[in-house]
Amino acid sequence: MPELIARTATSDYQVLIQQGALGRLGEVTAANCRGRMAVVVTDDQVAPLYLKQTCAALRSSGFTCASLVLPAGEKIKTMEYLSQLFSFFHEQGLSRIDPVIALGGGVIGDLAGFAAATYLRGVPLIQVPTTLLAQVDSSIGGKTAVDLPQGKNLVGAFYQPRAVVMDPILLHTLPRRRMSDGLAEVIKYGLIADLELLQQVEQKTFDLEWVVTRCVNIKTHVVTQDEKDSGERMLLNFGHTIGHALEKVTGYTGYSHGEAVAVGMVTAAEMGERLGLTQSGTAKRVRSLLSQYQLPLKAEVAFADLASAVHSDKKRLGGLIHFIFLRQAGEAFIQPIEPEKLEQALREVWAHG
Ligand SMILES: NC(=O)c1ccc[n+]([C@@H]2O[C@H](COP(=O)([O-])OP(=O)(O)OC[C@H]3O[C@@H](n4cnc5c(N)ncnc54)[C@H](O)[C@@H]3O)[C@@H](O)[C@H]2O)c1
Ligand SMILES: [Zn+2]
């Protein structure tokens, strides 16, 4: 049974990845916090599927269980819903030792996580990620946030959960597009650090519990090394500079995050080949992998719009942009590069896309 420990500068926490793990939620929560009143935060698509089972698991370990069901979607990652959570916590009499359970995808994880980080200056948080994206990415690493009208994730905190409970069985109810979204991140992990994972995904022979465990291993390893997002953690942003720019240009409606990252990964691989930084043939492999999972390889966006979004997104360090390239499939590196050179490579790839 894969049971990992994520280590950060401030805390260690258990990550349980197992078929049927949801049934062990009460036991894991009891082992990691003293309170006996649990508040579950979830959304209206997840609640009908898994809320009953979640509360039953908590009750079987002696917790009382209150739940708040919010509308599904990014639109709830706001200050307004955050204050709705605070009111609910207060109404329920949540104390500093009582756990908040985030049951849902990355949206619920980010919102309930930030609420737990700030209510009473921090109450225990247990993440129960229910999307592939949340299992392999957002529930690990301690980033929590809400959006502002001015932009995504502008207010938030680094706040580590007491434990993360991942049940791959929950992924069977995900719509296909959501599954592909998560697979884009899985492919990213394979491309930057894990050739065996990449091969399994290519051959479509994988078992989800194994895939999630491999990805979480990479993320916990990187996060352990680098809690506050510099250095090695930047490798996790492979495909994301262009992906984020694409999401921004299309007003966060045209492409899902995973789809935008897919286009970003193909583009970065092709730019790397043009610049002589990436082994030739890598981009072709990236393309065929992504298309196996119905992920897009290019986007109908004007180069000028994309380039200006890339520039506004990138932190520049000493006049250079730090961009993530692949050396080959399974290995990524950070390359400081002049903005003009990067833009030229992007222009050429975009024109030929
Ligand atoms: N904190 C981080 O490090 C981090 C990293 C990446 C992304 N994020 C954030 O994550 C969010 C996206 O997360 P997401 O892709 O999980 O989206 P999401 O939370 O909106 O979930 C996607 C949809 O799937 C539904 N759903 C969830 N689990 C289901 C299941 N098991 N069966 C059927 N339907 C289910 C949800 O109701 C929702 O409609 C964004 O807000 C993004 O900013 C955060
Ligand atoms: Zn991502």
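1. The axes of helix H9 (residues 240-249) and H10 come within 7 Å and cross at roughly 130 degrees, which makes H9 oblique to H10. Axes here are lines fitted to C-alpha atoms, for helices over the stretch in contact, with angles running from 0 to 180 degrees between N-to-C directions. Angles under 35 degrees count as roughly parallel, over 145 as roughly antiparallel, 65 to 115 as roughly perpendicular and the rest as oblique.

2. Who touches whom there? H9 brings His 240, Thr 241, Ile 242, Gly 243, Leu 246 and Glu 247, and H10 answers with His 257, Ala 260, Val 261, Val 263, Gly 264, Thr 267 and Ala 268 (contact: C-beta atoms, placed from the backbone, within 7 Å). By class that is six nonpolar, six polar and one charged (Ala, Val, Leu, Ile, Met, Phe, Trp, Tyr, Cys and Pro are nonpolar, Asp, Glu, Lys and Arg charged, the others, Gly among them, polar).

3. Before going on, a caution: this is a predicted model, where local features need pLDDT of at least 70 and side-chain atom pairs count only at pLDDT 80 or more, while totals for chains, interfaces and linings use all residues. Residues are numbered from 1 along each chain as its sequence is written, with chains lettered from A and ligands numbered from 1 in the order in which they are written.

4. H10 (residues 257-274) also packs with H6: their axes come within 7 Å and cross at roughly 35 degrees, and this crossing is left-handed. Among the residues meeting here are Ser 180, Asp 181 and Lys 188 in H6 and His 257, Glu 259 and Met 265 in H10. The contact has five nonpolar, four polar and four charged residues. Helices (H or I, at least four residues) and strands (E, at least two) are DSSP runs, numbered from the N terminus.

5. The chain splits into domain 1 (3-173) and domain 2 (176-352), with bounds from an automatic or database assignment. Each domain gives 21 residues to the contact. On the domain 1 side, strand E1 (3-7), strand E2 (12-17) and helix H5 (132-138) each give two or more, with H5 giving the most, five.

6. Ligand 1 is surrounded by 28 residues, the closest being Gln 45, Gly 105, Gly 106, Val 107 and Ser 138 (near: C-beta atom, placed from the backbone, within 6 Å). Helix H4 (106-118), H5 and helix H6 (176-193) each give two or more residues to this shell.

How values were computed
Contact = placed C-beta atoms within 7 Å. Left-handed = near helix turned anticlockwise from the far one by under 90°.
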